[in-house]
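Keep the structure at hand while reading.

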Amino acid sequence: MRRTYYIFLLLFFTISMGYGQVTVIERDTTQTTQVSVKSGYFEKKPEFPDAVIYTMDSDGQVYIVHEGVEMWCNQAYVYFKDNFVKAYGDVKLLQGDTVSMQSKYAEYNGNTSFAFASGDVVLKEPKTTLKTDTLYFDRVKQQAYYRSGGTVQDTASTLTSWIGRYYADTKKYQFLSEVIIKNPEYTVKSPQLDFYSETGGAYLYGPSTIESETSTVYCERGYYNTRANTGHFVKNSRIDYENRTLYGDSIYFDRGQSFASATNNIRVLDTINKSIIRGHYAEVFRAKDSVFITKRAVAVTLQEQDSVYVHADTLQVTGKPENRVIKGFYRARMFKQGLEGEQPTSGKCDSIFIDEKLGITKLLREPILWSGENQMTGDTIHLLNNKVTDELDTLKVFNNSFLIQKDTLEANAYNQVKGERLIGLFTNNQLDTVNIIKNTEVIYYFRNDKNELVGIDNTLSSSIQLYLEEQKITGMKFINKVPGKVYPESEFPENARLLPGFKWRGDERLFSKEDLFAGKPKPILPKIKGIPLPEDEGEFFEEIDEEELEIPEYSKLKVKDLKDREDDPKFRTQKTDSLEQKIKEEEELIKEQ
């Protein structure tokens with residue numbers, strides 16, 4: 001009977017070939033249709049009793065179709081009973097006009113619409129090309145999967161990973177384990193990455209880096225558009241430049257514009273100049289070597305183991321490390337605590353200018369400076385640092401200079417000196433000599449060794465030199481003075497004890513770095529929207545009992561090939577993270593009990 005069947009089948013195919021194609025009658029099934037062989041030279045071999053073997057001929061390759069899928073190959077073993085095809089040599093599988101797959105070998109199961117390919121596998125869709133050694137393709141799910149290493153060539157970059165999954169409906173790749181994106185300008189490394197081929201957008205999950213010659217981005221959640229070269233990074237994000245590092249809760253990055261901006265809890269660390277800038281919004285222009293920062297912006301510079309704090313509504317830092325300039329605009333303030341035993345130095349003004357190369361700090365527009373107990377005002381104030389030791393060296397007050405020091409005993413008594421210009425000298429960061437030049441006038445409360453008031457000096461002079469110890473006036477020298485007088489307290493009128501222009505602002509003095517923000521409302525910070533893990537879309541290989549797996553007898557695949565491997569890393573999803581969190585909470589609860 002079997003011999004008669006073969007003869008009948010051979011005659012049937014011979015007649016059909018005369019019409020230029022081979023048609024296989026559909027099986028009696030409500031779920032699947034039979035594969036259809038359209039061309040190819042066919043034969044039967046005794047050693048393959050259940051297969052019809054088709055080989056390419058002078059008209060071209062073997063051509064097979066099934067439910068919208070077309071397949072070409074040099075030779076095919078078709079098992080009509082199992083609705084199963086094994087294809088060899090220059091295999092090409094085409095699904096519509098969007099997805100094509102090439103390989104040396106392929107299997108296709110018409111009952112499950114499942115394909116397996118091996119040997120120089122190439123999967124193409126409109127904007128990407130995937131190359132791997134072994135690929136699984138589930139037409140029902142419209143997903144492809146590899147787990148032995150693969151490379152995806154995009155229009156702008158090359159992506160590699162050990163495990164990969166492609167979703168044809170959404171044009172999304174999911175990469176896992178040693179994920180790398182290579183671009184001529186940068187390299188991305190991530191443990192897990194989602195890539196959308198239509199847009200070039202990549203979502204980074206886990207500790208990830210984007211390295212280039214000019215910067216390195218680090219984040220634990222992020223998005224990067226590989227074609228537009230822009231990105232958004234959250235969760236422990238930072239950008240390392242050649243001479244500074246930008247930290248922030250949320251960072252936006254534009255490689256083409258050499259620009260980055262950061263929001264909330266900003267830090268810009270300058271390792272060369274030993275400085276750090278904080279705030280809640282920052283913009284960095286790498287090409288211009290410029291940083292703009294606002295929302296409680298404060299710059300901190302280390303000088304001789306002592307930190308100098310500068311605050312303004314807006315801070316701008318420009319220039320290379322050796323030529324760095326800091327500018328503070330609107331309601332600027334500065335504070336220097338001083339080392340142990342020193343009194344703090346602080347100041348306020350509308351704007352502040354610091355040239356770190358020249359070692360000069362300029363307080364502009366209505367400036368006021370406190371050095372210990374000494375309050376100094378003028379049209380402009382300059383502080384100069386010693387370039388070698390970085391300690392305070394010289395103080396200059398230009399135009400309408402006024403120095404006020406509150407008397408230690410009298411409630412409303414003030415030592416006062418005014419003139420056109422003031423020059424102060426520092427020793428060990430402490431003001432010890434002050435020269436007031438041109439049209440000077442002084443009111444000074446003389447006291448003896450017992451701190452008893454001797455009298456009040458009121459003198460005019462062309463210039464006055466003051467000597468200070470522990471920030472207190474201990475002596476003075478008059479140059480070209482107009483005869484003055486030391487008045488007994490009872491003889492010096494109350495209304496004459498304040499020089500013209502006197503204004504005591506001791507209640508504004510800064511005693512700590514927290515006072516930099518005194519009287520200013522806390523900024524309203526935007527809520528940072530994080531990047532959640534991808535939604536759980538199920539495993540590629542579903543949990544199915546071995547008996548239910550439809551593996552044709554002649555397939556190269558075994559049961560283990562259609563199951564997840566225990567040693568392979570797993571994709572992190574919202575579901576897996578929530579389960580891990582629940583397990584941790586339960587473990588903590590058990591420990592507490």
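Leaving aside its neighbours within four places in sequence, with which residues is T230 in contact? They are Y223, Y224, N225, Y252, F253 and D254, where contact means heavy atoms within 4.5 Å. T230 lies in strand β19, residues 230-240; strands (E, at least two residues) are DSSP runs, numbered from the N terminus. T230 counts as buried because its relative accessibility is 17%; buried means under 20% relative accessible area, exposed over 50% and partly exposed in between, with a 1.4 Å probe and protein chains only.

The model is predicted, so local features need pLDDT of at least 70 and side-chain atom pairs count only at pLDDT 80 or more, while totals for chains, interfaces and linings use all residues. Residues are numbered from 1 along each chain as its sequence is written, and side-chain values use heavy atoms, with hydrogens and water left out.

The protein chain has a mean pLDDT (the predictor's confidence in each residue, from 0 to 100) of 86, and 92% of its residues reach 70 or more. Over residues 1-30 the pLDDT is below 50, and this stretch has 36 contacts in the model beyond near neighbours in sequence.

A nonpolar core is a set of buried Ala, Val, Leu, Ile, Met, Phe, Trp, Tyr and Cys residues joined through side-chain atoms within 4.5 Å. The largest one here has 98 residues, and L193, L246, L395 and L466 have the most contacts inside it. Another core, of 12 residues, lies apart from it and includes Y105, Y145, L557 and L562. Beyond four places in sequence, the contacts of L246 include I239, I251, A260 and V284.

Three cavities of 30 Å³ or more are found in a search of the whole structure. A cavity is a set of points on a 1 Å grid over the protein atoms alone where a 1.4 Å probe fits but cannot get out, and lining residues have an atom within 4 Å of a point. A volume is the space filled by probe spheres set on the points.

| Cavity | Volume | Lining |
|---|---|---|
| Largest | about 110 Å³ | 13 residues |

Y145, E539, D564, P569 and F571 lie nearest the centre of the largest cavity. For the second largest cavity, β21 (259-270), β22 (275-285) and β23 (290-303) each supply at least two lining residues.

Note on methods: Helix = DSSP H or I, 4+ residues; strand = E, 2+ residues; numbered from the N terminus. 1 Å grid on protein atoms, 1.4 Å probe; cavity = no way out; pocket = protein on both sides within 12 Å on 5 of 7 lines; lining within 4 Å.
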